[in-house]
Amino acid sequence: MGMFGKLLLTIWLIGGTSGSMYLVGRRFVEMGSRVVQLHNETCLEDPVLWPTWLMTLVLVSCVLGLMGIVCKLKLFQWLFKILINLGILYVIAIMVWRLLMFGWLRKPTSTSFEEVYKKNSPLDEEFKPRLIQAMAADHEWEKVNECLNEIQFCEGARGPEKFFKKDDWKIEDFYEYFREGCCVPPQRCPKQLISLKEVSEKDDCMKWANATLNNPLQVKCYNCNSCKAARLATYQVDQDKVRMYTFLAAIFLFIANVFVSMGGFD
């Protein structure tokens, strides 16, 4: 099985090298375009970095594995085995972390956001406490609120076009929840936001009314639960989109480990 395992491992590493180079390059282009377009505003952008590190680890392990086969260097072969096992442990750690942050069962992101935005459900009924504490807690939200005001997210010289351009559907889609949760009052709120009766002060409609009382033309409420839910939902969607990196890396690492055990370096 030595020669057969060596052939399979070589083919697998060549494919893994090209695939990981493509995925790492794609990640850098995606993150770079957001930084350039959005001026690296941390209140809007929360880059999910673990897929980049994971695919970089796969890329480095592939290169070391190929060099270990071609040059027959025990050091590269040993480093390859170490990185493969580290990668498997990294994937397991990511999965455990995701379970802690999002839980086994949770509502879909769109449903969670709509529950808070349209029905005024508390954040802790729709999102995990750990996620709220990390991104929407009172001490954290002061910085987010200040940042959103500084960049004039809902107003400004160019208005919504500053962030939402028809020819840039990726950016527009990425901030769909921000636009709705922070810049548009829920339909359940009275049209005359400044005249609310029998509404609790904790209700988002009252917060919207207070936020727009002095300047009704600039409709915004950065301190509303709907805006906080927008940030949580955006991060959650970004996490869901990059799950494929974990899936692809896990498959590659597992099969590479099998080929090594079959005598891929013999």
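Which hand does the disulfide of Cys-221 and Cys-224 have, right or left? The torsion about its S-S bond is about 85°, so this disulfide is right-handed. The model is a predicted one.

**Disulfides**

The count of disulfides comes to 3. The table sets out the pairs.

| Pair | S to S distance | Torsion about S-S | Hand |
|---|---|---|---|
| Cys-154 and Cys-183 | 1.9 Å | -75° | left-handed |
| Cys-182 and Cys-227 | 2.0 Å | 90° | right-handed |
| Cys-221 and Cys-224 | 1.8 Å | about 85° | right-handed |

Take the pair of Cys-154 and Cys-183. Their sulfur atoms are 1.9 Å apart. The link is left-handed, with -75° about the S-S bond. It joins distant parts of the chain, 29 residues apart. Cys-154 sits in the loop between α7 (138-150) and α8 (169-174), while Cys-183 belongs to helix α9 (residues 176-183). Both Cys-154 and Cys-183 are buried.

Next comes the pair of Cys-182 and Cys-227. Here the sulfur atoms lie 2.0 Å apart. The torsion of 90° about the S-S bond makes this link right-handed. Cys-182 has a relative accessible area of 0% and is buried. Cys-227 also counts as buried, at 0% relative accessibility.

The pair of Cys-221 and Cys-224 has its sulfur atoms 1.8 Å apart. Cys-221 is buried, with a relative accessible area of 3%. Cys-224 is buried too, at 0%.

Two further cysteines have computed accessibilities. Cys-62 counts as buried, at 0% relative accessibility. Cys-71 counts as partly exposed, at 44%.

**Helix α11**

Helix α11 covers residues 225-241, which makes 17 residues.

How many residues of α11 are buried? The number is 15 of the 17, so the helix is largely enclosed by the rest of the structure.

**Arg-98**

Arg-98 is found in helix α3 (residues 74-102). Is it buried or exposed? Its relative accessible area is 14%; buried means under 20%, so Arg-98 is buried.

What does Arg-98 touch, leaving aside its neighbours within four places in sequence? It is in contact with Gly-103, Gln-239, Asp-240 and Arg-243.

**Phe-4**

Phe-4 has its place in helix α1 (residues 2-38). With 46% relative accessibility, Phe-4 counts as partly exposed. The limits for that class are 20% and 50%, so 46% falls in between.

How far apart are Phe-4 and Met-262 in space? Their C-alpha atoms are 8.2 Å apart, although 258 residues separate Phe-4 and Met-262 in sequence.

Methods. Residues numbered from 1 in each chain as written. Predicted model: local features only at pLDDT ≥ 70, side-chain atom pairs only at ≥ 80, totals over all residues. Heavy atoms only, no water. Helix = DSSP H or I, 4+ residues; strand = E, 2+ residues; numbered from the N terminus. Expected span 1.5 Å × (residues − 1). Buried < 20%, exposed > 50% of the residue type's maximum accessible area, 1.4 Å probe, protein only. Disulfide = S-S within 2.5 Å. Contact = heavy atoms within 4.5 Å.
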